[in-house]
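Opened a new page for this one. I want to jot down what I looked up, in the order I looked.

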Amino acid sequence: MMDLISKLWLMKRELVSDGFDQALDSLAREIPMDIHEYPTGESCWTWKIPEKWTCQEAYLESLDGKRLIDYANHPLHVVSYSLPYEGVLYRKDLLPHLHIHPKLPDAIPFMFKYYERDWGLCLPQTLLDSLTEDAYRVVIHTTFEPGILKVGEILIPGVSDETFILVAHLCHPGMVNDDLTGVVVGLEAARDLLHFSLIQGQPYYTYRLLILPETIGSLAYLSHQEDLIPKMVGGLFLEMLGNASPHALQGSFQPDSQPDKCLSSTLRGLDTDGYLGAYRSVIGNDERQFNAPGVRVPMLSLSRVEPPESPTRPYREYHSSLDTPAIISQERLDESKGVLLGLLQAWENNQYIVNNFKGEVFCSGYGIWIDYRTDPEGHRLLFRIMERCDGEHTVADIATELNTSFQIVWRVVSLLEAKELVWLSRIPHPTDPRKRG
Ligand SMILES: [Zn+2]
């Protein structure tokens, strides 16, 4: 994953650009991928595909020709989708077009003006402070032209056409944790899913991993595949998976959905420091398009955003030139891949538990009795789980109701299944005689 990141991170990955295409092509060489193409100007519900943007060169220099900022040195030195500009300006007229990071004086900020057109350059505050001359020369050679927005899709066919969507964006030039880490973790997990190593067989659900430019990429895909939307039963957005924070799982717009209950109750068994946040309370990305009206896919997000009390939330180097490979590690990417696969494993396992038994189970007779004198908590939990095995509760429902982990409930259910006391169903199967008609 680190090798792939070092190859891709400095590419000029703008919404519609040669840099984005180049990065997507590199990824398509790693794993079978379909590439969807949407031309500039095409409607995507209330949006339109933007033009292709290219920056040929951009710099700021003193009037005696000393180059102070140069796009050739870092892709963040120019505002993404900046208008072209060339001229000599007084310092006071130049300053509104120069952008600095609000908190990191040594970093170049990530600035984009995709739809509100203007020109601009970005630089560290320390450099800005040294600009004391009366006038400077600005050269920004950028072009806007018709192009093709691209969305990469990795399809893992399941037994069912019910689909779980994974999404990561690829449009942050010169940065790593946001957004390349989500891309590579998703890609490596997809590779495992394709090789059936998740459940030693074909997964039940179909999985689609989308790699796209943020927001407009999701809108382009969804608006052109409306027939797939009813099959999308859940999803997970991925990014910021290489920094040192614990995993944060942000719920969907439908907090009582099965994906919310399943993934939330599973996280606690995968990252003991991991934490949960409500929809839009952790970080906002493409999950907004999937959760939105007319789509309503319960899509959560997984990231390593710092906890709410942190003053550097989401993480110190966010949207700056300090978001480099130095702030992430292969070990943390591997951990995140493990968490992602653990969540998907639980999603595959999450089913309705149907009782073959009536009344309370004669536990000693089946050899599953837990002695309340030596393990009172285990004894209580066994009974609380068993009384919910009625064909109307999934594993995730029970874990959520009992405020315990998916894994604990799954272990008990597996034991009951082995004793043929219960069976698992993808659809509700009520055994209450009143509900069975
Ligand atoms: Zn971002």
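This is a predicted model: local features need pLDDT of at least 70, side-chain atom pairs count only at pLDDT 80 or more; totals for chains, interfaces and linings use all residues.

Entry 1

Entry 2. I started with strand 4, which runs over residues 52–62. Is it covered or open? I found it mostly covered, with nine of its 11 residues buried.

Entry 3. Next I looked for what strand 4 pairs with. Strand 9, residues 135–145, pairs with strand 4 in the antiparallel sense, and I have 10 bridges down for them.

Entry 4. Strands 4 and 5 make a hairpin with four residues between them. I checked the turn too: Gly-65 sits there with a positive phi of about 90 degrees.

Entry 5. On to the zinc ion. Which protein atoms are its donors? I wrote down NE2 of His-172, OD of Asp-178 and NE2 of His-319, lying 2.1 to 2.2 Å from the zinc ion. Along the chain, the donors follow the spacing H-x5-D-x140-H.

Entry 6. Then I asked why His-172 counts as buried. Its relative accessibility is 2%, and the cut-off for buried is under 20%, so His-172 qualifies. Asp-178 is buried as well, with a relative accessible area of 2%.

Conventions. Residues are numbered from 1 along each chain as its sequence is written. Side-chain values use heavy atoms; hydrogens and water are left out. Buried means under 20% relative accessible area, exposed over 50%, partly exposed in between (1.4 Å probe, protein chains only). Helices (H or I, at least four residues) and strands (E, at least two) are DSSP runs, numbered from the N terminus. Two strands pair if DSSP finds at least two bridges between them. Donors are N, O and S atoms within 2.8 Å of the metal (3.2 Å for Na, K and Ca); water is not among the atoms, so sites may look incomplete.
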